[in-house]
Amino acid sequence: MTDHYAELGELHDLFMPDAWDPLVGTLATTFGSLGPDATILDLGAGSGVGTVRLAHATRAQIVAVEPSLTMRSVLLARIADDPELCERVSVYAGAAPEILDEIGPIDGFLCAHMLGHLSAEERRATFERLATLLTPDGVGLVTVRPQSAPVTDIVIEERRIGRHRYVERLLPTEFPGTSVAEYQVFDGERLIRSASFTSSWAMPSQDGLRDELRDAGLALKTADRGLAVVRHTSVSQ
């Protein structure tokens with residue numbers, strides 16, 4: 001399997017707090033009532049930026065799954081540095097849907113910023129397996145694309161670390177399902193480094209995602225801040 005984060009991993013986390021911090025309230029609302037005997041699956045945990053926030057929002061055990069060696073190395077180091085997280089977070093190496101054969105029953109799951117990495121076939125197989133793992137009253141959260149998400153926007157973010165200014169540009173491409181991330185590092189006004197990464201990312205629409213979940217016996221309900229709640233279809237809300 002190609003590790004798409006082998007080169008990007010160094011720069012990936014610089015701008016992730018902005019993506020995760022707005023989701024913290026929904027994590028607490030959804031998983032905050034779970035006790036220490038419950039288990040939450042964090043599928044595609046990346047470097048653990050979200051895993052740490054999830055752990056702070058719940059008392060449950062967390063199973064964090066990440067296929068990328070680069071990202072998983074940071075994830076494991078992040079957990080190892082926190083004695084409390086060491087008691088509750090287990091890190092698994094592997095990719096969905098295959099890794100789910102090694103996971104036991106779960107009371108909740110989180111699929112954040114990762115579904116676009118999977119093909120439609122892989123997502124359907126993943127949802128089918130999640131439906132069998134999720135307890136009858138369990139709940140999941142998935143990040144979703146806005147119904148009318150623009151595809152031509154250029155997103156620019158920057159931050160300063162020490163004497164260096166880091167700039168990220170997320171650029172659309174003419175090829176569906178791909179995106180380009182450009183990074184520049186400045187010392188004052190002098191450009192000292194630059195890098196560009198193209199990734200395949202084909203996030204389904206909310207309607208498409210709803211259909212895929214329904215085929216697996218799961219129901220999607222749109223929530224705030226780009227997160228949607230997922231439950232068994234048989235559970236009425």
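The axes of helix α3, residues 24–31, and helix α4, residues 49–57, come within 8 Å of each other and cross at roughly 45°. The crossing in which α3 passes α4 is right-handed. The structure discussed here is a predicted model. In general, two packed helices are described by the angle between their axes and the distance between those axes.

Which residues of the two helices meet? From α3, the residues are Val24, Leu27, Ala28 and Phe31, and they meet Arg53, Leu54 and Ala57 of α4. Sorted by class, this contact of α3 with α4 contains 6 nonpolar residues, no polar residues and 1 charged residue.

The next topic is the aromatic rings. A search of the whole structure finds 2 aromatic pairs. In one of them, the ring centres of Tyr183 and Phe197 are 6.1 Å apart and the ring planes stand at 65°. The pair is therefore edge-to-face, since planes over 60 degrees apart are placed in that class. As a general rule, a pair of aromatic rings is described by the distance of the centres and the angle of the planes.

Tyr183 belongs to strand β8, residues 178–187, and Phe197 to strand β9, residues 190–200; the two residues are 14 residues apart, and their pair links distant parts of the chain. Together with Phe15, Tyr183 and Phe197 form one aromatic cluster.

The table lists relative accessibility for three residues.

| Residue | Relative accessibility | Class |
|---|---|---|
| Tyr183 | 6% | buried |
| Phe197 | 15% | buried |
| His113 | 31% | partly exposed |

Two details of the backbone remain. Most residues other than glycine have a negative phi, and most peptide bonds are trans. Where does the chain contain a cis peptide bond? The bond from Ala96 to Pro97 is cis, with omega near 5°. Pro97 is located in the loop between β3 (89–93) and β4 (106–111).

The second detail concerns His113, whose phi is near 55°, a positive value in a residue other than glycine. His113 lies in the loop between β4 and α7, the latter spanning residues 120–133.

Technical notes. Residues are numbered from 1 along each chain as its sequence is written. This is a predicted model: local features need pLDDT of at least 70, side-chain atom pairs count only at pLDDT 80 or more; totals for chains, interfaces and linings use all residues. Side-chain values use heavy atoms; hydrogens and water are left out. Axes are lines fitted to C-alpha atoms, for helices over the stretch in contact, and angles run from 0 to 180 degrees between N-to-C directions. Helices (H or I, at least four residues) and strands (E, at least two) are DSSP runs, numbered from the N terminus. A crossing is left-handed if the near helix is turned anticlockwise from the far one by less than a right angle, and right-handed if clockwise. Contact means heavy atoms within 4.5 Å. Ala, Val, Leu, Ile, Met, Phe, Trp, Tyr, Cys and Pro count as nonpolar, Asp, Glu, Lys and Arg as charged, and the others, Gly among them, as polar. Rings of Phe, Tyr and Trp (its six-membered ring) pair if their centres lie within 6.5 Å; planes under 30 degrees apart count as stacked, over 60 as edge-to-face and the rest as tilted. Buried means under 20% relative accessible area, exposed over 50%, partly exposed in between (1.4 Å probe, protein chains only).
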